[in-house]
Amino acid sequence: MEIIKNYIDGTLVEPKSGAYLDNFNPATGQVYSQIPDSAEEDVNDAVKAAKLAYPSWSKTAKETRSEILAKIAMLIEKNLDRLALAESMDNGKPVSLAKQVDIPRAATNFNFFATAILHYASESHAMENGVINYTLREPIGVAGCISPWNLPLYLFTWKIAPALAAGNTVVAKPSEVTPMTAFLLSELCIEAGLPAGVLNIVHGLGNKVGAAITTHPDIPMISFTGGTATGAQIAKEAAPMFKKLSLELGGKNPNIIFADCDFEKMLQVTLKSSFSNQGEICLCGSRIFIEKPLYEKFKTAFVEATEKLKVGNPQSGDSDLGAIVSEEHMDKILSYIELAKEEGGSILAGGNRVSLSGEQEKGWYLEPTIIEGLGHECRTNQEEIFGPVVTLIPFDSEEEVIEMANSTKYGLSSTIWTKDLNTAHRVAENLHVGIAWINCWLLRDLRTPFGGTKSSGVGREGGFEALHFFTEPKNVCIKY
Ligand code: TXE
(Lines give C-alpha, C1' and ligand atoms only; values in the text may rest on other atoms or scores of the structure.)
Protein backbone atom coordinates (compact mmCIF):
# COMPACT_ATOMS: atom_id res chain seq x y z
CA MET A 1 0.00 0.00 0.00
CA GLU A 2 1.76 3.19 -1.20
CA ILE A 3 1.78 5.96 1.40
CA ILE A 4 1.78 9.42 -0.14
CA LYS A 5 3.59 12.21 1.72
CA ASN A 6 3.46 15.98 1.70
CA TYR A 7 6.37 17.86 0.14
CA ILE A 8 7.24 20.72 2.50
CA ASP A 9 10.51 22.64 2.75
CA GLY A 10 12.23 20.26 0.37
CA THR A 11 11.43 17.04 2.19
CA LEU A 12 8.68 14.39 2.06
CA VAL A 13 6.84 14.52 5.38
CA GLU A 14 3.83 12.96 7.06
CA PRO A 15 0.79 15.10 7.94
CA LYS A 16 1.15 16.49 11.49
CA SER A 17 -2.05 14.75 12.54
CA GLY A 18 -0.77 11.42 11.27
CA ALA A 19 -4.19 10.99 9.64
CA TYR A 20 -4.62 9.52 6.16
CA LEU A 21 -7.42 9.11 3.62
CA ASP A 22 -8.08 6.11 1.38
CA ASN A 23 -7.11 6.58 -2.25
CA PHE A 24 -9.01 4.40 -4.75
CA ASN A 25 -8.11 2.83 -8.08
CA PRO A 26 -11.25 3.53 -10.20
CA ALA A 27 -10.52 0.53 -12.43
CA THR A 28 -10.99 -1.89 -9.53
CA GLY A 29 -12.98 0.24 -7.08
CA GLN A 30 -10.43 -0.77 -4.43
CA VAL A 31 -8.22 1.27 -2.09
CA TYR A 32 -4.65 1.10 -3.34
CA SER A 33 -2.85 3.92 -1.50
CA GLN A 34 -3.12 6.38 1.37
CA ILE A 35 -3.11 10.17 1.09
CA PRO A 36 -2.30 12.60 3.92
CA ASP A 37 -5.41 14.06 5.53
CA SER A 38 -3.55 17.31 6.06
CA ALA A 39 -4.92 20.34 7.84
CA GLU A 40 -4.30 24.05 8.32
CA GLU A 41 -1.19 23.34 10.44
CA ASP A 42 0.43 21.57 7.48
CA VAL A 43 -0.48 24.45 5.16
CA ASN A 44 1.03 26.89 7.67
CA ASP A 45 4.31 24.96 7.61
CA ALA A 46 4.25 24.98 3.81
CA VAL A 47 3.62 28.73 3.66
CA LYS A 48 6.42 29.35 6.16
CA ALA A 49 8.82 27.35 3.98
CA ALA A 50 7.64 29.12 0.83
CA LYS A 51 8.09 32.54 2.44
CA LEU A 52 11.59 31.61 3.61
CA ALA A 53 12.55 30.44 0.11
CA TYR A 54 11.01 33.43 -1.68
CA PRO A 55 13.76 36.10 -1.33
CA SER A 56 16.41 33.85 -2.81
CA TRP A 57 14.23 32.22 -5.49
CA SER A 58 12.75 35.51 -6.69
CA LYS A 59 16.27 36.92 -7.04
CA THR A 60 17.66 33.81 -8.73
CA ALA A 61 18.64 34.61 -12.33
CA LYS A 62 15.81 33.68 -14.69
CA GLU A 63 18.33 31.59 -16.64
CA THR A 64 18.93 29.50 -13.51
CA ARG A 65 15.21 29.15 -12.81
CA SER A 66 14.81 28.16 -16.44
CA GLU A 67 17.48 25.45 -16.17
CA ILE A 68 15.88 23.88 -13.09
CA LEU A 69 12.40 23.86 -14.70
CA ALA A 70 13.90 22.28 -17.82
CA LYS A 71 15.53 19.61 -15.63
CA ILE A 72 12.16 18.80 -14.05
CA ALA A 73 10.71 18.50 -17.55
CA MET A 74 13.50 16.12 -18.56
CA LEU A 75 12.86 13.96 -15.48
CA ILE A 76 9.12 13.83 -16.24
CA GLU A 77 9.93 12.66 -19.78
CA LYS A 78 12.41 10.10 -18.42
CA ASN A 79 9.69 8.74 -16.09
CA LEU A 80 6.92 8.80 -18.71
CA ASP A 81 5.83 5.17 -18.37
CA ARG A 82 5.85 5.17 -14.57
CA LEU A 83 3.94 8.48 -14.39
CA ALA A 84 1.44 7.40 -17.07
CA LEU A 85 0.66 4.15 -15.26
CA ALA A 86 0.31 6.05 -11.96
CA GLU A 87 -2.04 8.58 -13.61
CA SER A 88 -4.14 5.81 -15.14
CA MET A 89 -4.38 3.92 -11.82
CA ASP A 90 -5.35 7.09 -9.98
CA ASN A 91 -7.81 8.63 -12.44
CA GLY A 92 -9.15 5.63 -14.35
CA LYS A 93 -8.15 7.01 -17.75
CA PRO A 94 -6.65 4.64 -20.32
CA VAL A 95 -2.89 4.41 -19.78
CA SER A 96 -2.47 5.07 -23.52
CA LEU A 97 -4.17 8.46 -23.05
CA ALA A 98 -1.94 9.32 -20.10
CA LYS A 99 1.11 8.33 -22.17
CA GLN A 100 0.04 10.34 -25.23
CA VAL A 101 -1.51 13.39 -23.53
CA ASP A 102 -1.29 13.90 -19.79
CA ILE A 103 2.35 13.19 -19.02
CA PRO A 104 3.96 14.64 -22.16
CA ARG A 105 1.94 17.81 -21.58
CA ALA A 106 3.19 18.03 -17.99
CA ALA A 107 6.76 18.01 -19.30
CA THR A 108 5.81 20.53 -21.98
CA ASN A 109 4.33 22.83 -19.36
CA PHE A 110 7.67 23.00 -17.57
CA ASN A 111 9.65 23.36 -20.80
CA PHE A 112 7.32 26.00 -22.18
CA PHE A 113 7.59 28.30 -19.16
CA ALA A 114 11.30 27.55 -18.73
CA THR A 115 11.78 29.30 -22.09
CA ALA A 116 8.87 31.78 -21.91
CA ILE A 117 10.44 33.48 -18.91
CA LEU A 118 13.61 34.13 -20.96
CA HIS A 119 11.55 36.10 -23.49
CA TYR A 120 9.24 37.83 -21.03
CA ALA A 121 9.77 41.58 -21.33
CA SER A 122 7.88 44.71 -20.43
CA GLU A 123 7.26 48.05 -22.03
CA SER A 124 8.39 51.65 -21.63
CA HIS A 125 6.51 54.86 -22.52
CA ALA A 126 8.46 58.00 -23.40
CA MET A 127 6.88 61.40 -22.71
CA GLU A 128 7.93 64.88 -23.85
CA ASN A 129 10.57 67.00 -22.03
CA GLY A 130 12.81 64.24 -20.81
CA VAL A 131 10.38 61.94 -19.05
CA ILE A 132 10.24 58.21 -19.51
CA ASN A 133 8.13 55.49 -17.94
CA TYR A 134 9.18 51.91 -17.67
CA THR A 135 7.13 48.94 -16.44
CA LEU A 136 8.57 46.33 -14.13
CA ARG A 137 6.82 42.98 -13.92
CA GLU A 138 7.95 41.50 -10.64
CA PRO A 139 7.19 38.21 -8.86
CA ILE A 140 4.62 38.61 -6.09
CA GLY A 141 5.33 36.05 -3.35
CA VAL A 142 3.74 32.72 -2.42
CA ALA A 143 1.30 31.43 -5.06
CA GLY A 144 -1.56 29.12 -4.09
CA CYS A 145 -2.25 26.53 -6.82
CA ILE A 146 -5.26 24.19 -6.55
CA SER A 147 -6.08 21.65 -9.24
CA PRO A 148 -8.75 19.03 -10.12
CA TRP A 149 -8.85 15.30 -10.74
CA ASN A 150 -9.57 15.09 -14.47
CA LEU A 151 -6.13 15.86 -15.90
CA PRO A 152 -4.16 15.64 -12.66
CA LEU A 153 -0.47 16.21 -13.52
CA TYR A 154 -1.31 18.16 -16.72
CA LEU A 155 -3.33 20.84 -14.89
CA PHE A 156 -1.22 20.78 -11.71
CA THR A 157 1.96 21.64 -13.64
CA TRP A 158 0.08 24.13 -15.88
CA LYS A 159 -0.16 26.36 -12.79
CA ILE A 160 3.06 25.53 -10.97
CA ALA A 161 5.42 26.01 -13.94
CA PRO A 162 4.55 29.67 -14.73
CA ALA A 163 4.36 30.55 -11.03
CA LEU A 164 7.90 29.24 -10.44
CA ALA A 165 9.25 30.60 -13.73
CA ALA A 166 8.08 34.08 -12.75
CA GLY A 167 10.06 33.81 -9.49
CA ASN A 168 7.27 33.07 -7.04
CA THR A 169 7.32 30.20 -4.59
CA VAL A 170 4.32 27.86 -4.46
CA VAL A 171 2.00 26.05 -2.06
CA ALA A 172 0.01 23.61 -4.21
CA LYS A 173 -2.80 21.13 -3.62
CA PRO A 174 -3.77 18.45 -6.15
CA SER A 175 -7.22 16.87 -5.95
CA GLU A 176 -7.54 14.40 -3.08
CA VAL A 177 -9.11 12.07 -5.66
CA THR A 178 -5.94 11.92 -7.79
CA PRO A 179 -2.89 12.75 -5.66
CA MET A 180 -0.38 10.18 -6.92
CA THR A 181 1.41 11.94 -9.78
CA ALA A 182 1.75 15.12 -7.72
CA PHE A 183 3.53 13.01 -5.11
CA LEU A 184 5.80 11.48 -7.77
CA LEU A 185 6.49 15.00 -9.07
CA SER A 186 7.72 15.93 -5.57
CA GLU A 187 10.36 13.22 -5.82
CA LEU A 188 11.42 14.48 -9.25
CA CYS A 189 11.71 18.05 -7.96
CA ILE A 190 14.04 16.88 -5.21
CA GLU A 191 16.07 14.97 -7.84
CA ALA A 192 16.18 18.07 -10.05
CA GLY A 193 17.65 20.11 -7.23
CA LEU A 194 14.74 22.50 -6.83
CA PRO A 195 15.71 24.48 -3.71
CA ALA A 196 13.83 23.63 -0.51
CA GLY A 197 10.62 25.55 0.03
CA VAL A 198 10.29 26.78 -3.56
CA LEU A 199 7.53 24.26 -4.27
CA ASN A 200 5.44 22.78 -1.45
CA ILE A 201 2.67 20.22 -2.04
CA VAL A 202 0.11 19.64 0.69
CA HIS A 203 -2.33 16.77 0.14
CA GLY A 204 -5.83 16.61 1.53
CA LEU A 205 -9.45 17.66 1.33
CA GLY A 206 -10.68 20.74 -0.47
CA ASN A 207 -12.66 22.19 2.40
CA LYS A 208 -9.68 21.73 4.77
CA VAL A 209 -6.39 22.08 2.90
CA GLY A 210 -7.81 23.93 -0.12
CA ALA A 211 -9.67 26.39 2.09
CA ALA A 212 -6.57 26.92 4.27
CA ILE A 213 -4.62 27.87 1.14
CA THR A 214 -7.40 30.11 -0.18
CA THR A 215 -7.70 32.02 3.10
CA HIS A 216 -4.05 32.14 4.18
CA PRO A 217 -3.06 35.81 4.68
CA ASP A 218 0.41 35.24 3.23
CA ILE A 219 -0.79 33.81 -0.09
CA PRO A 220 -1.68 36.84 -2.25
CA MET A 221 -2.70 34.94 -5.41
CA ILE A 222 -4.79 31.84 -6.08
CA SER A 223 -4.81 29.87 -9.32
CA PHE A 224 -7.70 27.37 -9.32
CA THR A 225 -9.14 24.85 -11.74
CA GLY A 226 -12.24 22.89 -10.82
CA GLY A 227 -15.96 23.15 -10.50
CA THR A 228 -17.88 26.39 -10.89
CA ALA A 229 -19.47 26.03 -7.44
CA THR A 230 -16.06 25.64 -5.80
CA GLY A 231 -14.74 28.56 -7.82
CA ALA A 232 -17.55 30.73 -6.44
CA GLN A 233 -16.72 29.61 -2.90
CA ILE A 234 -13.05 30.46 -3.39
CA ALA A 235 -13.91 33.85 -4.87
CA LYS A 236 -16.13 34.63 -1.87
CA GLU A 237 -13.31 33.85 0.55
CA ALA A 238 -10.51 35.50 -1.42
CA ALA A 239 -12.24 38.70 -2.55
CA PRO A 240 -12.29 40.52 0.82
CA MET A 241 -8.58 39.65 1.14
CA PHE A 242 -7.95 41.33 -2.25
CA LYS A 243 -6.16 38.28 -3.62
CA LYS A 244 -5.40 37.91 -7.32
CA LEU A 245 -7.64 35.15 -8.68
CA SER A 246 -7.37 32.91 -11.72
CA LEU A 247 -10.40 30.61 -12.00
CA GLU A 248 -10.71 27.96 -14.72
CA LEU A 249 -14.08 26.35 -14.12
CA GLY A 250 -16.70 24.15 -15.75
CA GLY A 251 -18.17 24.17 -19.23
CA LYS A 252 -21.16 22.97 -21.26
CA ASN A 253 -19.54 23.34 -24.63
CA PRO A 254 -21.43 23.42 -27.96
CA ASN A 255 -20.21 21.28 -30.88
CA ILE A 256 -21.89 22.94 -33.90
CA ILE A 257 -22.05 20.84 -37.06
CA PHE A 258 -23.19 22.46 -40.32
CA ALA A 259 -24.46 20.31 -43.22
CA ASP A 260 -21.54 21.37 -45.47
CA CYS A 261 -18.82 20.05 -43.13
CA ASP A 262 -16.13 17.44 -43.94
CA PHE A 263 -18.29 14.60 -42.59
CA GLU A 264 -15.67 11.89 -42.00
CA LYS A 265 -13.20 14.29 -40.33
CA MET A 266 -15.98 15.75 -38.19
CA LEU A 267 -17.22 12.32 -37.10
CA GLN A 268 -13.76 11.07 -36.14
CA VAL A 269 -13.00 14.18 -34.06
CA THR A 270 -16.52 14.38 -32.56
CA LEU A 271 -16.07 10.89 -31.08
CA LYS A 272 -13.01 12.26 -29.26
CA SER A 273 -14.55 15.59 -28.24
CA SER A 274 -17.54 13.66 -26.85
CA PHE A 275 -15.93 10.78 -24.97
CA SER A 276 -12.16 11.28 -24.57
CA ASN A 277 -11.03 10.85 -20.95
CA GLN A 278 -14.51 9.43 -20.24
CA GLY A 279 -15.93 12.86 -21.12
CA GLU A 280 -14.16 14.26 -18.04
CA ILE A 281 -12.55 17.24 -19.77
CA CYS A 282 -13.92 20.75 -19.25
CA LEU A 283 -13.43 21.28 -23.00
CA CYS A 284 -15.54 18.31 -24.18
CA GLY A 285 -18.34 19.16 -26.60
CA SER A 286 -21.29 17.78 -24.63
CA ARG A 287 -24.06 19.58 -26.59
CA ILE A 288 -23.97 18.54 -30.25
CA PHE A 289 -25.94 20.83 -32.56
CA ILE A 290 -26.52 19.41 -36.05
CA GLU A 291 -27.97 21.33 -38.99
CA LYS A 292 -31.27 19.57 -39.85
CA PRO A 293 -30.42 18.28 -43.38
CA LEU A 294 -27.50 16.35 -41.86
CA TYR A 295 -29.22 15.20 -38.67
CA GLU A 296 -30.34 11.68 -39.61
CA LYS A 297 -27.08 10.83 -41.41
CA PHE A 298 -25.02 12.08 -38.46
CA LYS A 299 -27.20 10.35 -35.86
CA THR A 300 -26.92 6.95 -37.59
CA ALA A 301 -23.15 7.20 -38.13
CA PHE A 302 -22.40 8.63 -34.66
CA VAL A 303 -24.45 5.97 -32.81
CA GLU A 304 -22.82 3.20 -34.85
CA ALA A 305 -19.30 4.52 -34.19
CA THR A 306 -20.02 5.12 -30.49
CA GLU A 307 -21.27 1.58 -29.98
CA LYS A 308 -17.92 0.30 -31.29
CA LEU A 309 -15.97 2.14 -28.56
CA LYS A 310 -14.49 -0.23 -25.99
CA VAL A 311 -15.09 0.48 -22.31
CA GLY A 312 -12.59 -1.55 -20.33
CA ASN A 313 -9.67 -1.90 -18.00
CA PRO A 314 -7.68 1.34 -18.43
CA GLN A 315 -4.46 -0.57 -18.05
CA SER A 316 -5.27 -3.13 -20.75
CA GLY A 317 -3.92 -0.99 -23.59
CA ASP A 318 -6.95 -1.40 -25.92
CA SER A 319 -9.68 0.49 -24.04
CA ASP A 320 -11.15 3.61 -25.62
CA LEU A 321 -12.82 4.58 -22.33
CA GLY A 322 -11.52 3.67 -18.90
CA ALA A 323 -13.18 4.05 -15.52
CA ILE A 324 -15.01 7.06 -14.08
CA VAL A 325 -12.84 8.76 -11.45
CA SER A 326 -14.97 7.94 -8.40
CA GLU A 327 -18.12 6.07 -7.38
CA GLU A 328 -19.63 9.40 -6.32
CA HIS A 329 -18.99 10.92 -9.74
CA MET A 330 -20.29 7.81 -11.53
CA ASP A 331 -23.52 8.07 -9.53
CA LYS A 332 -23.75 11.79 -10.38
CA ILE A 333 -23.48 11.00 -14.10
CA LEU A 334 -26.06 8.18 -13.84
CA SER A 335 -28.42 10.59 -12.07
CA TYR A 336 -28.14 12.96 -15.03
CA ILE A 337 -29.00 10.12 -17.43
CA GLU A 338 -32.13 9.46 -15.33
CA LEU A 339 -32.91 13.19 -15.39
CA ALA A 340 -32.60 13.22 -19.18
CA LYS A 341 -35.20 10.45 -19.42
CA GLU A 342 -37.51 12.31 -17.03
CA GLU A 343 -37.13 15.44 -19.18
CA GLY A 344 -38.29 13.47 -22.23
CA GLY A 345 -34.99 12.46 -23.78
CA SER A 346 -34.45 9.22 -25.71
CA ILE A 347 -31.28 7.19 -25.15
CA LEU A 348 -29.84 6.38 -28.59
CA ALA A 349 -26.72 4.63 -27.24
CA GLY A 350 -25.37 3.64 -23.83
CA GLY A 351 -27.04 4.86 -20.65
CA ASN A 352 -25.83 2.05 -18.39
CA ARG A 353 -23.08 1.09 -15.99
CA VAL A 354 -20.65 -1.45 -17.49
CA SER A 355 -19.88 -4.50 -15.36
CA LEU A 356 -16.51 -6.09 -16.05
CA SER A 357 -15.19 -9.31 -14.61
CA GLY A 358 -12.11 -10.31 -12.62
CA GLU A 359 -10.14 -7.55 -10.87
CA GLN A 360 -12.26 -4.90 -12.57
CA GLU A 361 -15.56 -6.35 -11.32
CA LYS A 362 -16.04 -3.56 -8.76
CA GLY A 363 -14.65 -0.81 -11.02
CA TRP A 364 -16.66 2.28 -12.02
CA TYR A 365 -17.43 2.05 -15.75
CA LEU A 366 -20.11 3.74 -17.85
CA GLU A 367 -21.20 3.28 -21.46
CA PRO A 368 -20.67 6.27 -23.78
CA THR A 369 -24.17 7.74 -23.95
CA ILE A 370 -26.05 9.65 -26.65
CA ILE A 371 -29.38 11.31 -25.93
CA GLU A 372 -31.80 13.07 -28.31
CA GLY A 373 -35.21 14.71 -28.10
CA LEU A 374 -34.42 17.33 -25.44
CA GLY A 375 -34.97 21.08 -25.72
CA HIS A 376 -31.91 23.28 -25.33
CA GLU A 377 -33.23 24.87 -22.14
CA CYS A 378 -33.79 21.72 -20.06
CA ARG A 379 -31.46 20.95 -17.12
CA THR A 380 -29.70 18.14 -19.03
CA ASN A 381 -28.68 20.73 -21.65
CA GLN A 382 -27.87 23.51 -19.18
CA GLU A 383 -25.88 21.79 -16.43
CA GLU A 384 -22.35 20.36 -16.62
CA ILE A 385 -22.47 16.55 -16.37
CA PHE A 386 -18.73 15.97 -16.85
CA GLY A 387 -19.01 12.39 -18.09
CA PRO A 388 -19.40 10.33 -21.30
CA VAL A 389 -22.82 11.82 -22.04
CA VAL A 390 -23.76 13.99 -25.04
CA THR A 391 -27.06 15.30 -26.38
CA LEU A 392 -28.04 15.81 -30.03
CA ILE A 393 -29.98 18.97 -30.91
CA PRO A 394 -31.05 19.78 -34.52
CA PHE A 395 -31.08 23.37 -35.78
CA ASP A 396 -32.46 25.21 -38.80
CA SER A 397 -30.43 28.41 -38.97
CA GLU A 398 -27.15 29.98 -37.86
CA GLU A 399 -29.05 32.54 -35.76
CA GLU A 400 -30.97 29.78 -33.97
CA VAL A 401 -27.91 27.68 -33.17
CA ILE A 402 -25.94 30.68 -31.90
CA GLU A 403 -28.78 31.57 -29.56
CA MET A 404 -29.06 27.98 -28.27
CA ALA A 405 -25.28 27.62 -27.91
CA ASN A 406 -25.07 30.86 -25.90
CA SER A 407 -28.04 29.95 -23.69
CA THR A 408 -26.13 28.38 -20.76
CA LYS A 409 -24.40 30.10 -17.83
CA TYR A 410 -21.11 28.68 -19.12
CA GLY A 411 -18.82 30.10 -21.82
CA LEU A 412 -15.67 28.02 -22.02
CA SER A 413 -15.10 26.52 -25.49
CA SER A 414 -16.86 25.55 -28.71
CA THR A 415 -16.26 23.61 -31.92
CA ILE A 416 -17.64 24.61 -35.31
CA TRP A 417 -17.70 22.29 -38.35
CA THR A 418 -18.23 23.96 -41.73
CA LYS A 419 -16.44 24.49 -45.04
CA ASP A 420 -17.87 27.98 -45.41
CA LEU A 421 -15.25 30.49 -44.25
CA ASN A 422 -17.78 33.27 -43.70
CA THR A 423 -19.96 31.02 -41.53
CA ALA A 424 -16.93 29.85 -39.56
CA HIS A 425 -15.69 33.34 -38.69
CA ARG A 426 -19.16 34.76 -38.08
CA VAL A 427 -20.23 31.96 -35.72
CA ALA A 428 -16.93 32.05 -33.82
CA GLU A 429 -17.35 35.80 -33.45
CA ASN A 430 -20.87 35.47 -32.06
CA LEU A 431 -20.30 32.67 -29.55
CA HIS A 432 -19.80 33.78 -25.91
CA VAL A 433 -16.79 31.56 -25.24
CA GLY A 434 -13.09 31.83 -24.44
CA ILE A 435 -11.98 29.35 -27.12
CA ALA A 436 -13.49 28.48 -30.54
CA TRP A 437 -12.08 25.53 -32.51
CA ILE A 438 -13.05 25.45 -36.20
CA ASN A 439 -12.79 22.05 -37.99
CA CYS A 440 -10.66 20.73 -35.13
CA TRP A 441 -10.75 20.18 -31.35
CA LEU A 442 -8.24 20.48 -28.54
CA LEU A 443 -5.40 21.72 -30.75
CA ARG A 444 -3.42 23.70 -28.21
CA ASP A 445 -0.78 26.39 -28.75
CA LEU A 446 0.41 27.18 -25.24
CA ARG A 447 1.07 30.82 -26.20
CA THR A 448 -2.67 31.44 -26.62
CA PRO A 449 -4.93 32.80 -23.86
CA PHE A 450 -6.76 29.88 -22.21
CA GLY A 451 -9.94 30.21 -20.17
CA GLY A 452 -13.62 30.93 -20.23
CA THR A 453 -16.25 33.62 -19.85
CA LYS A 454 -19.38 33.83 -17.65
CA SER A 455 -19.48 30.92 -15.15
CA SER A 456 -16.55 29.18 -16.85
CA GLY A 457 -14.07 31.35 -15.05
CA VAL A 458 -12.11 34.50 -14.50
CA GLY A 459 -8.85 35.39 -16.19
CA ARG A 460 -6.72 33.50 -18.67
CA GLU A 461 -3.90 30.97 -18.36
CA GLY A 462 -1.22 30.21 -20.93
CA GLY A 463 1.67 32.07 -22.50
CA PHE A 464 2.40 35.57 -21.28
CA GLU A 465 -1.15 35.72 -19.83
CA ALA A 466 0.05 33.27 -17.17
CA LEU A 467 3.22 35.26 -16.51
CA HIS A 468 1.13 38.44 -16.25
CA PHE A 469 -1.02 36.70 -13.62
CA PHE A 470 1.97 35.55 -11.60
CA THR A 471 3.69 38.98 -11.65
CA GLU A 472 2.78 42.46 -10.47
CA PRO A 473 3.29 45.37 -12.91
CA LYS A 474 4.96 48.48 -11.49
CA ASN A 475 5.18 51.71 -13.46
CA VAL A 476 8.32 53.75 -12.80
CA CYS A 477 8.35 57.31 -14.16
CA ILE A 478 11.69 59.16 -14.37
CA LYS A 479 12.47 62.76 -15.37
CA TYR A 480 16.03 63.49 -16.61
O1 TXE B 1 -13.89 19.79 -8.54
P2 TXE B 1 -13.78 20.61 -7.23
P3 TXE B 1 -14.05 18.26 -8.60
C4 TXE B 1 -16.21 20.23 -12.61
C5 TXE B 1 -17.05 19.03 -12.93
C6 TXE B 1 -16.94 18.22 -11.68
C7 TXE B 1 -17.01 19.33 -10.66
C8 TXE B 1 -16.43 18.86 -9.35
O9 TXE B 1 -18.39 19.45 -13.09
O10 TXE B 1 -18.05 17.38 -11.50
O11 TXE B 1 -16.18 20.37 -11.20
O12 TXE B 1 -15.17 18.22 -9.65
C13 TXE B 1 -10.37 21.65 -4.26
N14 TXE B 1 -11.54 25.62 -1.20
N15 TXE B 1 -14.83 20.12 -13.03
O16 TXE B 1 -14.64 17.63 -7.37
O17 TXE B 1 -14.61 20.11 -6.12
C18 TXE B 1 -10.45 20.16 -4.43
O19 TXE B 1 -9.86 19.49 -3.33
C20 TXE B 1 -10.42 25.36 -1.89
C21 TXE B 1 -14.39 20.96 -14.11
O22 TXE B 1 -12.69 17.83 -8.99
O23 TXE B 1 -13.97 21.98 -7.69
C24 TXE B 1 -9.66 19.95 -5.72
O25 TXE B 1 -8.28 19.97 -5.47
N26 TXE B 1 -10.24 24.25 -2.65
C27 TXE B 1 -12.91 21.17 -14.00
C28 TXE B 1 -10.06 21.18 -6.54
O29 TXE B 1 -10.52 22.14 -5.59
C30 TXE B 1 -11.27 23.39 -2.75
C31 TXE B 1 -12.15 19.90 -13.85
C32 TXE B 1 -11.18 20.90 -7.53
O33 TXE B 1 -12.24 20.34 -6.78
C34 TXE B 1 -12.49 23.59 -2.08
C35 TXE B 1 -12.68 19.12 -12.76
C36 TXE B 1 -12.60 24.77 -1.27
N37 TXE B 1 -13.71 25.05 -0.59
C38 TXE B 1 -14.00 19.26 -12.36
N39 TXE B 1 -13.34 22.56 -2.37
C40 TXE B 1 -12.32 21.87 -15.21
N41 TXE B 1 -12.78 23.08 -15.50
O42 TXE B 1 -11.42 21.33 -15.82
C43 TXE B 1 -12.66 21.74 -3.21
N44 TXE B 1 -11.42 22.23 -3.43
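Helix α5 (residues 152-165) gives the largest share of the lining of the second largest cavity, 3 residues. Helices here are DSSP runs of H or I with at least four residues, strands are runs of E with at least two, and both are numbered from the N terminus. This is a predicted model, where local features need pLDDT of at least 70 and side-chain atom pairs count only at pLDDT 80 or more, while totals for chains, interfaces and linings use all residues. Residues are numbered from 1 along each chain as its sequence is written, and side-chain values use heavy atoms, with hydrogens and water left out.

Back to that cavity. A cavity is a set of points, on a 1 Å grid over the protein atoms alone, where a 1.4 Å probe fits but cannot get out; lining residues have an atom within 4 Å of a point. The second largest cavity holds about 70 Å³, the volume being the space filled by probe spheres set on the points, which are joined across faces, edges and corners. Its lining includes Arg-105, Trp-158, Cys-282 and Arg-444. By class, the lining has 7 nonpolar residues, no polar and 2 charged. Nonpolar means Ala, Val, Leu, Ile, Met, Phe, Trp, Tyr, Cys and Pro; charged means Asp, Glu, Lys and Arg; the others, Gly among them, are polar. The cavity lies between domain 1 (2-249 + 456-479) and domain 2 (254-446), because both give residues to its lining. The domain bounds come from an automatic or database assignment.

The whole structure has 4 cavities of 30 Å³ or more.

Now the salt bridges, meaning a side-chain nitrogen of Lys or Arg within 4 Å of a carboxyl oxygen of Asp or Glu. There are 19. Lys-99 and Asp-81 pair at 3.9 Å, N to O. Lys-99 is in helix α4 (residues 95-116) and Asp-81 in helix α3 (residues 80-91), so this bridge ties together parts 18 residues apart in sequence.

Glu-138 and Lys-474 come to 3.1 Å between their closest N and O atoms. That bridge links strand β7 (residues 131-139) to strand β25 (residues 471-479), 336 residues apart.

Which pair is buried? Lys-299 and Glu-372, where buried means under 20% relative accessible area, exposed over 50%, and partly exposed in between (1.4 Å probe, protein chains only). Their closest N and O atoms are 3.0 Å apart. By contrast, Glu-138 is partly exposed at 28%, and Lys-474 is partly exposed at 40%.

Key
On a 1 Å grid over the protein atoms alone, a cavity is a set of points where a 1.4 Å probe fits but cannot get out, and a pocket is an open set with protein on both sides within 12 Å along at least five of seven lines; lining residues have an atom within 4 Å of a point.
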